[in-house]
Amino acid sequence: MMQCSDARPRLEAHLDNELDEAERAALDDHIASCADCAPEALALERLRDDIRASASAYRAPAALRSQIRAALRRDASGAPAIARGPGWLAVAASIMIAVALGSGGTWLISGDRQRDAIADEVIDSHLRSLLAEHLTDVASSDKHTVKPWFGGRTELSPPGINLAAEGFPLVGGRLDLIDGKPVPALVYRAGKHIINVFVLPAGHGDHPETVHRQGYTLRHWNEGDLGYWAVSDASPDEFSRFEHAFRAAAS
Amino acid sequence: MNWIAQRRRQSRFEQVALPHLDAAYSLARWLTRNDADASDVVQEAYLRAFRYFDSYREGDAKSWLLRIVRRTCYSWLARNRPTELIALDAIDDPTGVNAAGSAQANMGDTETLLMNRSDLRRLDELIEALPPPLREVIVLRELQELGYREIADVTGVPIGTVMSRLHRARTALRRGWDGENIE
């Protein structure tokens, strides 16, 4: 039979589930029959239960995750973003378009889950580019500068389109990771709004569709072997005008 | 490193480290005792972890990350609240006059708190009144529910030291808490 002198130093290890089965059984027997150790074990248990029930279980604030991702992105790029918008960036609403090329089989996910996951990632990348003030990696309104910049950085080649005449000047280009792959993004302005155009491999047989999420409208369509995704908090009219202009120029 | 590889590296890092964001924040919040400071420290710790990411091998990501968060917290405390950092020798010396003195001073604080408080924050305040090396073992054990081996890993001390710090922390808490409840 275990003595109190052996039992006492083990009470906390018992409470913490750190004893092996034999020790635990011997200690349980002792506690059950000892008028000194039983209340001590009970008091330890009560303290643990009280701490778990009423001490604060702090959780990270919602904004911290995106702040960290933005900071990591700045850190990973090793240098400040090439282009910093003037004040318009702060007030900018946004449209993001992702263009998808047809080679869905090589991507990690497929079907509806792929669409949902890409929609999430596209919105996430968009928010990150604004939060991190990392809008472009190459800042130029010249499609002959932006399009070649992507060469060698990604297998995907975005169409070089400047829609300045239609009211959507090209701001520059950026590379983002979607579904673990480098994907080009073209960045446009629409008045005070920002437009990002991404190029991804397309899913299979997607019909044009619209998704509303996190206060953004996401628009997705295919054209030829390109699929387009658009996210916007701009007005439906402006959104639609941009889509028409982009599709007309891309076809 | 070309920067496509850097983006991939960031993506891998986020998959390893971001699932433990709440645990990281909780530890930092308990050690800094302040929301804004905890956020700053956690962000700094994630950047550090990202830079050390190449040295991370498949394994216990939570312990790896919490170890860096804890180190960042202690650097922060050293810069901003040096008086809170009692020499670790004093904490772990069971017969040390210094340890007895600090524990006494701390219990003085908690008794004052208890006289004036009967709200739900009481237990929080008792825990916050513990010196950081005792506070963190209670937080890691009771709130993060880590085992001795993991706590030793995170805090960088032997398991025996983890056990004695837990015992000292619990003894101090019970003096404040049981006394209050019995009355």
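This is a short walk through a two-chain model, from chain A to chain B and the contact between them.

Hi everyone. A quick word on the ground rules: this is a predicted model, where local features need pLDDT of at least 70, side-chain atom pairs count only at pLDDT 80 or more, and totals for chains, interfaces and linings use all residues. Residues are numbered from 1 along each chain as its sequence is written, while chains are lettered from A and ligands numbered from 1 in the order in which they are written.

Let's begin with chain A. Its secondary structure comes to nine helices and eight strands; helices (H or I, at least four residues) and strands (E, at least two) are DSSP runs, numbered from the N terminus. Of its 251 residues, 34% count as buried. A buried residue has 20 or more other C-beta atoms within 10 Å of its own, an exposed one has 12 or fewer, and a partly exposed one falls in between, with C-beta atoms placed from the backbone.

Now look at the end of the strand list. Is strand β8 of chain A enclosed or open? Seven of the seven residues of β8 (residues 226-232) are buried, so the strand is largely enclosed by the rest of the structure. A:L226, A:Y228, A:A230 and A:S232 point one way, and A:G227, A:W229 and A:V231 point the other way.

The partner of β8(A) is β7 (residues 216-223), and the two pair in the antiparallel sense over seven bridges; to count as a pair, strands need at least two bridges found by DSSP. Across this pairing, A:N222 stands opposite A:G227. The two strands form a hairpin with two residues between them, and A:G224 in the turn has a positive phi of about 60°.

Speaking of phi, most residues other than glycine have a negative one. A:N17 goes against that, with a positive phi near 60°. Find A:N17 in the loop between α2 (11-15) and α3 (21-33) of chain A, where it is exposed, with 10 other C-beta atoms within 10 Å.

Chain B has a case too: B:R33 is not a glycine, yet its phi is positive, at about 60°. B:R33 sits in the loop between α2 and α3 of chain B and counts as partly exposed, with 17 C-beta neighbours inside 10 Å.

While we're in chain B, let's visit helix α4 (residues 61-80). Its 20 residues reach 28 Å from first C-alpha to last, close to the 28 Å expected at 1.5 Å a residue; that expected span is 1.5 Å times one less than the number of residues. Among the buried residues of α4(B) are B:W64, B:L66, B:V69 and B:R70.

B:V69 turns up again in the largest nonpolar core, which has 48 residues; B:A24, B:L27, B:A28, B:V42 and B:V69 touch the most other members. A nonpolar core is a set of buried Ala, Val, Leu, Ile, Met, Phe, Trp, Tyr and Cys residues joined through C-beta atoms within 7 Å. A second, separate core of 35 residues includes A:L135, A:Y188, A:L200 and A:A230.

Finally, how many residues does each chain bring to the contact? Chain B gives 39 and chain A gives 35, where contact means C-beta atoms, placed from the backbone, within 7 Å. On the side of chain B, the largest share, 10 residues, comes from α1(B).
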